[in-house]
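Subject: Structure for you to look at

Hello,

Here is the structure I said I would pass on. Please open it first, then read the notes below it.

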Amino acid sequence: MRESDVPQEGNATLAGLRKAVYAVAEDGKLRLVASRGWEAEEIVTRQAVEDLERRAAEAGKRALAGEASPLEYHMYRARMDLALLSQTTGLWRWRIRRHFRPEVFSRLPNKLKQRYSEALGVALEGLEKVGA
């Protein structure tokens, strides 16, 4: 994309901020250009956020019913998925999925819960509650 073609339509999800986009300059070299975003990007971002909010609500209901641990709820609330939580914590995906089971999660050592707490930006006490 050329510098002059970088979209400047605006994207409400950027909250008035700009982001850097690589574009080809007049001299043929790549340059960073500030962009206000574009409508298609905003639509896709909103859909992704709505999906994560829906998943958080569903996980919260399952946690309150005792069918899942609060960990899954907090993961979606932090706008993460299993792959991102795995990368952030350094834990294998299968291990995290296992921790979604309430009986397994309740027996986790505080050191491991602290790891989740830091990755999700939730206080250790709040990690064990839904809606915290």
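A residue is called buried when its relative accessible area is under 20%, exposed when the value is over 50%, and partly exposed in between, using a 1.4 Å probe and protein chains only. Helices are DSSP runs of H or I with at least four residues, and strands are runs of E with at least two; both are numbered from the N terminus.

This is a predicted model, in which local features need pLDDT of at least 70 and side-chain atom pairs count only at pLDDT 80 or more, while totals for chains, interfaces and linings use all residues. Residues are numbered from 1 along each chain as its sequence is written, and side-chain values use heavy atoms, with hydrogens and water left out.

Helix α6

Helix α6 covers residues 110-120, and its buried residues are L112, K113, Y116, S117, A119 and L120. What covers these buried residues? The cover includes α2 (70-77), α3 (82-89), α4 (93-99) and α5 (102-105). After α6 comes G121, which has a positive phi, near 70°.

K113 also has a place over a ring: it lies over the face of F105, at 5.0 Å from the ring centre. The rule for a charge over a ring is that NZ of Lys or CZ of Arg is within 6 Å of the ring centre and within 35 degrees of the ring normal.

Helix α1 runs over residues 39-64 and contains I43. I43 is partly exposed, since its relative accessible area is 43%. The C-alpha atoms of I43 and L17 are separated by 17 Å, and the two residues are 26 apart along the chain.

E41 is also placed in helix α1. Is E41 buried or exposed? E41 counts as buried because its relative accessibility is 17%. Apart from neighbours within four places in sequence, E41 is in contact with N11 and K19, where contact means heavy atoms within 4.5 Å.

Salt bridges

A salt bridge is a side-chain nitrogen of Lys or Arg within 4 Å of a carboxyl oxygen of Asp or Glu. How many salt bridges does this rule give? The count is nine.

One of them joins R46 and E42, with the closest N and O atoms 2.9 Å apart. Both residues lie in helix α1, four residues apart, which is about one turn of the helix. R46 is partly exposed at 40% relative accessibility, whereas E42 is buried at 16%.

A network of salt bridges links D51, R54, R55 and E58. Within it, R54 meets D51 at 2.4 Å, N to O, and R54 meets E58 at 3.0 Å, N to O. R54 and D51 are three residues apart in helix α1, so about one helical turn separates them. E58 and R54 are four residues apart in helix α1, and here too the separation is about one helical turn. As for accessibility, R54 is partly exposed with a relative accessible area of 40%, D51 is partly exposed at 26%, and E58 is partly exposed at 36%.

Aromatic pairs

The count of aromatic pairs is zero. For this count, rings of Phe, Tyr and Trp (its six-membered ring) pair if their centres lie within 6.5 Å; planes under 30 degrees apart count as stacked, over 60 as edge-to-face and the rest as tilted.

Regards
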